Every structure is written in structure tokens, then in C-alpha cells.
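Hi,

Here is the structure we talked about, with some notes to read beside it. Please open it first and then come back to the text.

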Amino acid sequence: MKTLFIGIILTIVSATYAQTSDGWQTAYPDSVGISSATLQAAEKAIRAGDFKQVTSLMIARKGKLVFESYYDGSEASVLRNTRSATKSITGMLIGAAIENKMLTGIDARVMSFFKEKRFENPDPRKDRITVEDLLTMSSLLECDDQNQFSRGNEERMYLIEDYVKFTLDLPVRGFPAWSLKPKDSPFGRSFSYCTAGVATLGGVIERATRMKVPAFADKYLFGPLGIEKTEWQITPSGVAMTGGGLALRSRDYLKLGQLIANKGAWNGKQILSEKWIKASVEPHAQVDEVNNYGYLLWLKTFKSGGKDFRVILMQGAGGNKVAIFPDQEMVVVITTTNFNIRGSHELTDKLLTDYVLAAVLPN
């Protein structure tokens, strides 16, 4: 295997596929239906600053690594904090806990894991909140990161030592006349983006598995994928922050996206059950008129060249994205540091639609 620099970093092999030291097979972009000329144009636009502070772009097609480039003067070994993309990894860990019979299932009641704690605003409806409610951002807790007045807004959580108690202290939310109640909503759930709920799933994982989250992740997810270097943020109470902030290499985010694309398998080994992946990428809550939500995964449709492209997204602040395009057998990672830039997600989406999807050659 040798590397050719032509404005982009393309891994080139002569007659056969090569394999990297971390398990990725590599291929020419054009050999798997990706236009290298369009990727060169993407490279030029990124380096010109058209998408602000993009730090890396990676593309896999048909299970092969075809494009890898870094834009911040760093290299493949650097860990990148993709913020809330961590949430999707938490969903994978819940699936692993269920698969290994440490967690009874998505119907497990969250309060039952914290019986020694006393929570404010007691309500029998809170006692019925399940793991699935937190996976789908649709619990009845008054928690909305997109509303600065919400008691459960994540910025308020960061002022509290115990994130689990912060979450489960919250009152039951109200539904004013202009909003749909869960029973009247698509899929029977009312979506409300809530980081605190996903942080609480970290506590559930620890209680259910009797392992610290990083150790559980290393044994049942990262280890089998060959992901060796991780950096978790730890909350003041000592629980790993499962709602955001985990740092991994870009190549490892690509592996996690490929794991979803492969229905839970990596290099011929089943790491997460196909059943769990299937359930995770089905719509369970409606975000808005055009977007849905699975188990801590965004379900959207992108338009490019007059065509619709179904996409499954792990995403976080700054426009950080792991995008899985199942119909194109393609996985894309875009990392950025556009954290304080308005419209950062729109910038990343434009990079995907105007260049990456535009590079997909017709069959």
C-alpha cells in the first residue's frame, strides 16, 4: 500500500485491496463508484475555508476506506470530541447490555436502578419511565435543551454534581393546547431533545452491568472493533458522561458508522445483534415534519442532484457527523471545531450534499 498526495489523501492499491493496521480495507474511490475528481473539488473547498473549521473527512464505500484527509495540521492518531455523537454510542452500549443479558430490555424502568435515592416531584408516571423513553428522547420529564427556560436544560445540569439525580428530580412535563400529547403524536411519543436523560443512561449501564461505562465499552464494543484509544469525560459524581464529549479517532468513528451499516458486524464478526441495529434505525419518535428519531440516532433525508438520500446520523455540536447512507453502502465522517459558528450543521450538510453525495457515480 502506498499513499498518493494529489491535494487529497487517497489510499492507493495497485491490483488488490490492501488492509490497514486497524482493520480497514482500502480501495480507489473510482473502483467503488466514487468520483475522485469530485473529492478533489471537496478537498479544495474545505482547505479554502468554505466550510469553516472542518478538521477531518473520511469516506467508506462498500466496506472499503476510500478517502481520508485532515485539515488542522494533525494526523490520524488525534482524538476528536464530536460532542453529542456520543449519544449514539450510548445507544450501542444499551444494546450490548441487553444482548449480554445484563439489562432485561428496553422496557426496564429507570427508577428501579436507583432505589436508594430520593427524588423530588414524585409522580407514579415518573416511576414508569423506561430505558426506551430515554433512548427516544420522549420521556415525560420536563427536559428540553432547545428551550432555555426548561428546568431540564443541559446547561442547568452542568451546575449539579449528580446528573442522574438532576434528571430524575425533574417534574412531569405539561402539554399546552398548541402541542401534541404523546397519544396524539406519530409513533405515540412526544420528542424533546434531552441530554440529561442520556447522561442518566450511563448510570443505568453502571448499575445493570456492575461495570464502569468505559470498562464495559472497552470489553463489549470498542475492544472487538479494535478501538484502543478513547477519552471519556467524567461527571462530578464519577460516572462517565454518556450524553456527550467522548473523544475518538476519526477512523474509529468511521468504524462505528460501518458497524451500523453492516447491521452490527465488523470484519465478519457480529459485535452487536442485527436485531438491535434494526430496532435502532427504525423511527420511534417524530422530531419535526420531515425528520424522525430512532434509538439515539437521527433519521433524515438529504437531497442532492435532484435525488433523495436516506441517512442515519450520529451528530453533535459544531456540525460533527457520522453519516450512514444505507442505500449507497456509504459511511462518512466529518469532524469540525465549528462550535461557536451559527449554522454549523447546515455547513456540514452542504458539504455532504454538494460534494460527497455528488461524488457517488451512477450505477
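Let me begin with one glycine: Gly305 is found in the loop between β13 and β14 (307-316); helices (H or I, at least four residues) and strands (E, at least two) are DSSP runs, numbered from the N terminus. Gly305 counts as exposed, at 79% relative accessibility. Here buried means under 20% relative accessible area, exposed over 50%, and partly exposed in between, with a 1.4 Å probe and protein chains only. From Gly305 to Gly226 it is 37 Å in space, C-alpha to C-alpha, and 79 residues in sequence.

A word on the model before the rest. It is a predicted one, in which local features need pLDDT of at least 70 and side-chain atom pairs count only at pLDDT 80 or more, while totals for chains, interfaces and linings use all residues. Residues are numbered from 1 along each chain as its sequence is written, and side-chain values use heavy atoms, with hydrogens and water left out.

Now the chain as a whole. The protein chain has 11 helices and 16 strands, and its C-alpha trace spans about 65 × 45 × 35 Å along the principal axes. Of the 363 residues, 58% count as buried. Among contacts (heavy atoms within 4.5 Å) with a separation of 6 or more, 63% are between residues 24 or more positions apart.

The aromatic rings are worth a look. A search of the whole structure finds 11 aromatic pairs. Rings of Phe, Tyr and Trp (its six-membered ring) pair if their centres lie within 6.5 Å; planes under 30 degrees apart count as stacked, over 60 as edge-to-face and the rest as tilted. Tyr193 and Trp298 form a stacked pair, with 5.8 Å centre to centre and 25 degrees between the planes. Tyr193 lies in the loop between α6 (163-168) and α7 (195-209) and Trp298 in strand β13 (residues 298-304), so the pair ties together parts that are 105 residues apart in sequence.

The charged end of Lys300 is over the ring of Trp298, 5.4 Å from its centre, and that of Arg83 is over the ring of Phe339, 3.7 Å from its centre.

What does the side chain of Asp162 make a polar contact with? Its partner is the side chain of Lys117, at 2.8 Å. A polar contact is a pair of N or O atoms within 3.5 Å; within protein, one must be able to donate a hydrogen and the other to accept it, and residues adjacent in sequence count only if both atoms are side-chain atoms. Asp162 lies in the loop between α5 (154-157) and α6, and a polar atom of its side chain is 3.1 Å from the backbone nitrogen of Lys165.

Finally, Thr130 lies in the loop between α3 (124-127) and α4 (131-135) and is buried, with a relative accessible area of 12%.

Best wishes

Note on methods: Lys NZ or Arg CZ within 6 Å of the ring centre and 35° of its normal.
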